[in-house]
Amino acid sequence: MSATFKDFRNNVKPNWCPGCGDFSVQASIQRAAANLSLTPETLTIISGIGCSGRISGYINAYGLHGIHGRALPIAQGVKMGNRDMTVIAAGGDGDGFAIGLGHTIHAIRRNIDITYIVMDNQIYGLTKGQTSPRSAEGFQTKSTPAGSIESSLSVMQMALTAGATFVAQGFSSEVKDLTSLIEQGIQHKGFSLINVFSPCVTYNKINTYDWFKENLIKLSEIDGYHPSNRIMAMETLMKHNDLVMGIIYQDKEKYSYQELLNGYSKEPLAYSRLNLGRETFDNLVAEFM
Amino acid sequence: MVKRLAWKVGGQQGEGIESTGEIFAKALYRLGYHLYGYRHFSSRIKGGHTNNNIRVSTEKVRSISDEIDILIAFDQETIDVNFDDLRQDGIIIADAKFKPANPNESKAKLYAVPFTKIAADLGTSLMKNMVAVGASSAAMGIPLEYFHPIVEELFGRKGEKIVESNIRAIEQGADYFNREAGGRIEELALAPGDGRQRMYMIGNDAIALGAIAAGVRLMSAYPITPASEIMEYLIEKLPKFGGTVIQTEDEMAAATMAIGANYSGVRAFTASAGPGLSLMTESIGLSGMTETPLVIVDTQRGGPSTGLPTKQEQSDIMAMIYGTHGDIPKVVLAPSTVEEAFYDMVEAFNIADEYQCPVIVLSDLQLSLGKQSVDPFNYDKIDIRRGKLIIDDSLPELEKKGSFKRYEDTIDGVSPRTIPGTRNGLHHVTGVEHNEAGKPSEAASNRKIQMDKRLRKLNSLKFDNPVHTNTKHENPDLLLIGTGSTRGAIEEAMTKLANDGVSVNHAHIRLLHPFPAEEMSPLIEKARQVVVVEHNATGQLESLVKLNVGGRDKMSSILKYDGNPFKPLEVYNQCKGVVYHVSHV
Ligand SMILES: Cc1ncc(C[n+]2csc(CCOP(=O)(O)OP(=O)(O)O)c2C)c(N)n1
Ligand code: SF4
Ligand SMILES: [Mg+2]
């Protein structure tokens, strides 16, 4: 019997503000999991700290809500330990692009087969409205009362230059598209990065639902756009100031870390027999004699 | 004939000092001698004085020596830096090439042997270390044939000719010494070894091998001195067992990746030194709060900050015990020999699984990089225990979704643990305070229940022999306390003090946290004076003993934080001061 959307629901009521973009991200993950016939036991969601980080607690699956900025290394550890597990990492723009940016870039480079979903609201929600690396120049927040004078980080362009094999962008209002992006991200063999514009209705009065609706362009509507073309991807991002939706780039050829790793067990490491045989052990000892 | 010798080779880093020591040591431990090697090196790759000090003995040795018997010098600096440590009747064998000079104050005899020339005449001056090995063997009267199989192992792959010329280099070094210096020197002739086969390894080898024996399949780590050898060994070995080492982008990733892997059910760990451990502190708290097993090795080096990265120190003790915010259960083990380092690693993984908490294995540079001979590790002593981990599908159907009590408030505080993939064991884990089912909860009553549950776990911690004791005396004049690699220096100082008629007991602490107060209290109570021997500037171990046991009025410490390991004589001399002072008040 395959699982349904309902199987991924638990009885925990999210403590997000009504209207928060993160609700749709949660629903999209649940739908994608059901569409892919996953079961709650075979899905693990690792989340960071922030409003968005709570997401792992609202989905009926295995999950770990860790520390600020470290969702990715934890998620990579889970996947390495159990290669049969579907692993999703999730968190906010501060989590992934400020305190955890180093991990994001290196997870991209490493290309372990997990899916990373960032709920990008261009602000720090949980700490009540400070600037984020995704905030636009001039954006006024509690920590930038005179407007941010730092430039906003183009994470999609950054991901491309870091060697990403799957880069996509979604929007909380477009649940169907977002669900499909998540499905494709999970199916991608390698690291998939999905940045989701997920409005914070409480602290970000600029980048609102309406603002995104007005400014976002669907890649599917751009004539001749092809996500296998990295140069086209870069040009399109630059031209539209990154405000695009869809799969921006995908490299279907490149092998994932696990596929390339020499000697890596075909069986999940989590189930290995731990005891070494006597002979194996004695041989290791003999090497020091 | 003598029972113990100290042999030292010195020169510029990158000149083959390492391999000279290696070859010499290999022949000796295969003859059944006990060895203790310690390298002095600076944190540059080429250049800078380096030396390798090897103690050879017919009995167990666990410390560097007070004096050197034979010094092999590849440059004048080696003589200038080390002649002070040579004993009366000691010898220097130096390369004639640099026209070695024996300082006026030197008590030792200098022999110049043309290492470089003999080697160059045989084909390449690279073999000068072989000539030096030959000359030292002649002085000590070691038959040269023992070196043949070793040279074969080292150079066999490079072909018969290379093997042949290296053997010739050894022979000609010996010939020269026999001819020009009169051959074997009686005071340097070693009594025969017992012929027993032992392992010869650094502490980091033992730690890495211990991890494999414990069933580790994943190590995530970031390189740092003096921990890197652990990952280097495992990079080679883990793929043979289906596992791997991942070199992460930093230590926060290393620690959290290990947490993720442990959460998934695999045994994983990381290793670093002070700077890395500082970066890992938040992760250690996550492991404590989420009750996810985590083993971390800290190979202490000179701190603070970058400090003395290639030098001995034991100054992370307090940071390892207390260095996380909030209250968590945590275990800190401090092995004192390579043998303990091996078995303690296995035990660290067992404790982490059984008590579902972080375990820190605290090594120090002297233990991690010092090379010791040790009886082969015993397969039958390896025991793997995983506590309340459930990985099969034996759990009953849950009544309600997400109701598995991962954090059940049990009597011993340890709750059942399932891993992703386990049917009917599905639960959520969070570093936020949570209830029995793992759901966030800030309720005051729940907070108390969960905090008490976590901290209660270690009340039932079982650890065999948390303190090594050598307590011959009922009411000793002196109790010496140490931890980690200072054990040998303390033991030798003790023997010297006993010869002077001072009664001394020794307690070497293996389990630093939770502190073995019950074991330590009577020892301290019965001693007239207590001296804590440790490698740091603030007396961290002494503070710990005072905090947990007391004894402030009769306790003092011997501190060394100049980067070099204690010599037995240093401990002895300072103890004499304490005992003398006491017996004269
Ligand atoms: C090490 C550390 N520093 C700071 C914090 C406080 N903190 C919690 S969440 C957060 C930022 C949240 O912003 P974002 O990641 O964008 O998530 P959002 O709340 O917007 O979803 C900060 C600074 C923390 N928990 N840990
Ligand atoms: S503060 Fe913003 S991000 Fe946080 S829950 Fe409310 S709307 Fe969502
Ligand atoms: Mg945010």
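Let's start at the ligand: a polar side-chain atom of Asn121(A) sits 3.1 Å from an oxygen atom of ligand 1. That is a polar contact, meaning a pair of N or O atoms within 3.5 Å; within protein, one must be able to donate a hydrogen and the other to accept it, and residues adjacent in sequence count only if both atoms are side-chain atoms. Keep in mind that this is a predicted model, where local features need pLDDT of at least 70, side-chain atom pairs count only at pLDDT 80 or more, and totals for chains, interfaces and linings use all residues. Residues are numbered from 1 along each chain as its sequence is written, chains are lettered from A and ligands numbered from 1 in the order in which they are written, and side-chain values use heavy atoms, with hydrogens and water left out.

A backbone N or O atom of Gly94(A) is 2.9 Å from an oxygen atom of ligand 1, and a polar backbone atom of Ile123(A) is 3.1 Å from an oxygen atom of the ligand. There are 17 residues around ligand 1 (one of their heavy atoms lies within 4 Å of it), and those that come nearest are Cys51(A), Ser52(A), Asp93(A), Gly94(A) and Asp95(A). Ligand 1 lies between chains A and B, which takes us to the interface.

Here 60 residues of chain A are in contact with 72 residues of chain B, with contact meaning heavy atoms within 4.5 Å. The two chains bury about 5,200 Å² between them, 65% of it on carbon and sulfur atoms; buried area is the accessible area (1.4 Å probe) that two parts lose on being put together, summed over both. In chain A, Tyr62(A), Leu274(A) and Phe288(A) lose the most area to chain B, together 16% of what that side buries.

What about charges? Three salt bridges link chain A and chain B, each a side-chain nitrogen of Lys or Arg within 4 Å of a carboxyl oxygen of Asp or Glu. One salt bridge joins Lys237(B) to Glu287(A), with the closest N and O atoms 2.8 Å apart.

The chains also share strand pairing. β2(A) runs parallel to strand β17 (residues 428-430) of chain B over three bridges, and Leu64(A) has Val429(B) as its bridge partner in β17(B). Strands (E, at least two residues) are DSSP runs, numbered from the N terminus, as are helices (H or I, at least four), and two strands pair if DSSP finds at least two bridges between them.
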